[in-house]
Amino acid sequence: MVRNAADGQREVANLLWGMPTPLERVKGKADYGTTNIRNPQYGHWQQYVGVEHRCVVPVTSFSEPSPTPGIRTLRQVFSGLFALNEDRPLFFFAGLWTPWHGVRKVKDGAGDFELYGFMTTAPNALIKPIHAPLMGVGHLAGKCCG
């Protein structure tokens, strides 16, 4: 992702995907993160919407997980791959980032991390048939939509 550094210059940084999940949605002893932030007006996200937490995430394509339960192989996981065109030129997602201390994996214990997530919105007509059913499943904690 690309963010403004402390000196005001832009920097490219390799952060861990998944912002801290709202505490009421964390299940168990680990916070696997929220990858997509759909409602920045939600109280939990207000602490991250300032300029100091904004970033852009360069991508050439993205995919949506299959809405079919029980599919495990990598080839079957994604029901679609989406890009601007077949040449897959670079584009950017708006995002948020933050330093965070907590447990991502129980076996590793607590640690210090820099995390990021995508800003998203309601899906368009192309994505909606795939994405909308997933939204209703409550995909937080590292899966989808905050």
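Arginine 88 is found in the loop that joins strand S7 (78–82) to strand S8 (91–103); strands here are DSSP runs of E with at least two residues, numbered from the N terminus. The phi angle of arginine 88 is near 55°, a positive value in a residue other than glycine. With a relative accessibility of 38%, arginine 88 counts as partly exposed, because that class lies between buried (under 20% relative accessible area) and exposed (over 50%), for a 1.4 Å probe and protein chains only.

The model is predicted: local features need pLDDT of at least 70, side-chain atom pairs count only at pLDDT 80 or more, and totals for chains, interfaces and linings use all residues. Residues are numbered from 1 along each chain as its sequence is written, and side-chain values use heavy atoms, with hydrogens and water left out.

Glutamate 11 belongs to strand S2 (residues 10–12) and is partly exposed, at 29% relative accessible area. Beyond its neighbours within four places in sequence, glutamate 11 is in contact (heavy atoms within 4.5 Å) with Met1, Val2, Arg3 and Ala5. Methionine 1 is ten residues away from glutamate 11 in sequence, and their C-alpha atoms are 8.3 Å apart. The side chains of glutamate 11 and arginine 3 make a polar contact at 2.6 Å; such a contact is a pair of N or O atoms within 3.5 Å, and within protein one must be able to donate a hydrogen and the other to accept it, while residues adjacent in sequence count only if both atoms are side-chain atoms.

Valine 56 is situated in strand S5 (residues 54–59). Valine 56 is partly exposed, its relative accessible area being 33%.

Notes. Helices (H or I, at least four residues) and strands (E, at least two) are DSSP runs, numbered from the N terminus.
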